[in-house]
Amino acid sequence: DGSVVDCVRIEDQLGIQHPLLKNHKILRKPTILQPQSSDRSASSRSGRFKRNATSSSPWQLFHHEHNSCPDATVPVRRLLPKDLDRMQTPEVFLHKYPQSIQRDHHLTPPSVDGHQYAIVQAVGSFSGSQAYLSIWDPAVATSSDFSLSQLWLGGGSHESINTVEAGWQVYELLNGDRSPHLFIFWTADSYKNSGCYNLRCPGFIQTSPNVLLGGAISSISSPDSSLFFKKFLIFKDPVAWWLQIDDEWVGYWPASLFTTLGQSSQWMQWGGEVCLSGASDGPELSTQMGSGFFPAEGNTRAASQCELAYLDDQMRQFDAVDLAEFSTDPECYTARKYFDRNWGSYIIFGGRGCSKS
């Protein structure tokens, strides 16, 4: 896809250079390696989605061409001159929101500057979150628009919001094309100055040679045909927030980066988000969320996130229940929560978007 990947020695990656990580000793893996089912989580569902979500099958272009980087190195997508020319400003890969945006409270994400949400959320005290995300390639109206599916873990409100986030995203301005790309994001100050996408700034420390953060995803779902899922899990253990994709521990955010997210997560969210540049005009130019279909179209056409679960400090999984639905503009994008024996706690979300009129 035109990207260049460097295999960087683990100890030389940018993530370790954060001022708060001085003398940090790189962790190799969590102390607890395998999630455990609880009485409130149906273990019989385990493996239902592994047919289409296994670490052994190639699911990124990087895997098809190179398989992985050598041991003791991590893959880093090189920032090329053409990327800088396209982005125009560092905010594109350092900040998810313009600095003028202040998310006043996690319960009511704003739709300011074109950001729209269709999510479910839980409030409490959590040590982790899990979801199987179906992968799609929604149409975006302009190169400045983005559309994503992700899970959030966060703490604080107003000026003190901390989050760690992971999922897939279509964002041409960041990635150079309109294919879905794997991404992570974090902030420690309400999206203003700290944090960034992927490995573009110090903070996240990658340990896996097999997963390319920011890399294109080659396996995509088809409506009424095949659904392709990837499992995302984030777990606090005990001095870092670890990211697992399928059965691969990708890396971690050291807890010392955060304030309100230092010990545990106060809220979790699952679902979709789009950012609209305002350049689109007319129904045919609207940016889609998920697959572009609304939840009413069913889970074989609309985007979904399945087996939603939260984790305690022993990595025991519990079905995510008592979830609150929230959509900034239900006529454009919406999310619906469900529960059954096969998919567990799950959501179907998305929409075709709305034009200016």
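**Close-up views of a predicted model**

View 1. Strand 4 (residues 115–126) and strand 13 (residues 265–275) run antiparallel and are joined by 10 bridges. H115 has C275 in strand 13 as its bridge partner. Strands are DSSP runs (E, at least two residues) numbered from the N terminus, and two of them pair if DSSP finds at least two bridges between them. The model is predicted, so local features need pLDDT of at least 70 and side-chain atom pairs count only at pLDDT 80 or more, while totals for chains, interfaces and linings use all residues. Residues are numbered from 1 along each chain as its sequence is written, and side-chain values use heavy atoms, leaving out hydrogens and water. The open sheet has six strands in the order 8-7-6-13-4-16, with antiparallel pairing. Strand 8 (181–187) and strand 16 (324–327) are at the edges with a single partner strand each, so one side of each has no neighbour in the sheet.

**View 2. Q13 in a loop.** Q13 lies in the loop between strand 1 (5–9) and strand 2 (36–37). A polar atom of the Q13 side chain is 3.0 Å from the backbone oxygen of I10. Leaving aside neighbours within four places in sequence, Q13 is in contact (heavy atoms within 4.5 Å) with V8, V74, F204, I205 and Q206.

**View 3. Y117 and W152.** Y117 is buried, with a relative accessible area of 0%, and W152 is also buried at 0%. Y117 belongs to strand 4 and W152 to strand 6 (residues 146–155), 35 residues apart.

How values were computed
Helices (H or I, at least four residues) and strands (E, at least two) are DSSP runs, numbered from the N terminus. A polar contact is a pair of N or O atoms within 3.5 Å; within protein, one must be able to donate a hydrogen and the other to accept it, and residues adjacent in sequence count only if both atoms are side-chain atoms. Buried means under 20% relative accessible area, exposed over 50%, partly exposed in between (1.4 Å probe, protein chains only).
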